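Please keep the sequence and the model in view while reading the points below.

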Amino acid sequence: MALSTETREKLRRVSTATLATALFKRGLRGQMIQGALPLHAPAESMVGEAFTVRYIPAREDLNTLEVFRDPGHPQRRAIEECPPGCVLVFDSRKDARAASAGAILVGRLKARGVAGVVTDGGFRDSAEIAALGIPAFHQRPSAPTNLTLNQAIGINEPIACGDAPVFPGDVLVGDCDGVIVIPAHLAEEIAAEATEMTAYEDFVAEKVAEGRSIRGLYPATDPRSLEEFAAWRQAKGR
């Protein structure tokens, strides 16, 4: 099921930290992609359905520069086939010694309206990618071509990325803390719950800034906190 505009907008306004808590409540503890950090601070959260690329260790006789002449090469196909609004996710086996992609390919993704790009490896031309403005998350910069270590073997199939399972169509949200994977069937309810949680967290942050203790406030074990929150919410239009 495609991500609705309403759910997409809700997810843009909540943090990966809040989403992680909502997923934790459901017993999902391994949905944060480990090691994937933003190349630049995103202006707003990246949100989009996963479109995946799977790399395996390169076999030298099959991974020469000549492979890029083939228009059916999986990495090149993924760049041209990842749908607008989706996030291209690379399984690079948590190995940043060679790039997952570079600025030209990421620039093509931006031109095609892709929502972002994520790898548990590294990107080459990292400064150029950061300047493009498209949300991009990686482990660290890596100059060597992906062919040095990576052989693209499949696209849009289940992968691991930074120890998190990623199925095609899962919803990825990325912010300054990193990238989290929401199972597709939970996206709508998680977005709704995280929106409610964010409203209360904003209320709490305001009260803490005023000097309030967190006792009875966070978590809301004192019923008066919820009464105050209801009044605050009405006043704020939240």
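**A cis peptide bond and the model as a whole**

P219 is placed in the loop between α6 and α7 (223-236). The peptide bond that leads from Y218 into P219 is cis, with omega near 5 degrees. Helices (H or I, at least four residues) and strands (E, at least two) are DSSP runs, numbered from the N terminus.

The model is a predicted one, in which local features need pLDDT of at least 70 and side-chain atom pairs count only at pLDDT 80 or more, while totals for chains, interfaces and linings use all residues. Residues are numbered from 1 along each chain as its sequence is written, and side-chain values use heavy atoms, with hydrogens and water left out.

**Overall dimensions and composition**

- The protein contains 7 helices and 13 strands.
- The C-alpha trace spans about 70 × 35 × 30 Å along its principal axes.
- Of the 238 residues, 48% count as buried; buried means under 20% relative accessible area, exposed over 50%, and partly exposed in between (1.4 Å probe, protein chains only).
- The protein exposes about 11500 Å², and carbon and sulfur atoms supply 55% of that area. Accessible areas come from the Shrake-Rupley method with a 1.4 Å probe, and for residues only the protein chains shown count as cover.
- Among contacts between residues at least 6 apart in sequence, 76% join residues at least 24 apart; contact means heavy atoms within 4.5 Å.
- There are 27 positive and 31 negative side chains, and the centres of the two sets lie 1 Å apart. Lys and Arg count as positive and Asp and Glu as negative, while His and the chain ends are not counted. The place of a charge is taken as NZ of Lys, CZ of Arg, CG of Asp or CD of Glu.

**Nonpolar cores**

- The largest nonpolar core has 23 residues, of which L88, F90, L109, V117 and F123 touch the most other members. Such a core is a set of buried Ala, Val, Leu, Ile, Met, Phe, Trp, Tyr and Cys residues joined through side-chain atoms within 4.5 Å.
- At least two residues of this core come from each of β3 (46-57), α3 (74-81), β4 (87-91), α4 (103-111) and β9 (150-155). The most, 4 residues, come from α4.
- A second, separate core of 17 residues includes L19, A22, A187 and M197.
- In soluble globular proteins, nonpolar side chains tend to be buried together.

- In α2 (residues 16-25), the buried residues are T16, T18, L19, A22 and L23. They fall within an arc of 155 degrees when seen down the axis of α2, so they line one face of the helix. The arc is that of the directions from the helix axis to the C-beta atoms.
- The cover over the buried residues of α2 includes α1 (5-12), β1 (32-33), β12 (171-175), β13 (178-182) and α6 (187-209).
- Just after α2, G27 adopts a positive phi of about 85 degrees.
- In α1, the buried residues are T7, R8 and L11. Seen down the axis of α1, they fall within an arc of 100 degrees, so they line one face of the helix.
- The buried residues of α1 pack against α2, β3, β12, β13 and α6, whereas the face turned away from the buried side carries the exposed residues T5 and E6.

**Two buried loop residues**

- C86 is found in the loop between α3 and β4 and is buried, with a relative accessible area of 11%.
- Apart from neighbours within four places in sequence, C86 is in contact with G48, E49, V114, A115 and G116.
- V114 lies in the loop between α4 and β5 (116-119) and is buried, with a relative accessible area of 6%.
- Beyond neighbours within four places in sequence, the contacts of V114 include C82, P83, P84, C86, L88, L109 and I134.

- D125 has a positive phi of about 55 degrees although it is not a glycine. D125 sits in the loop between β6 (122-123) and α5 (126-132) and is partly exposed, with a relative accessible area of 34%.
- N156, also not a glycine, has a positive phi near 50 degrees. N156 belongs to the loop between β9 and β10 (159-161) and counts as partly exposed at 35% relative accessibility.
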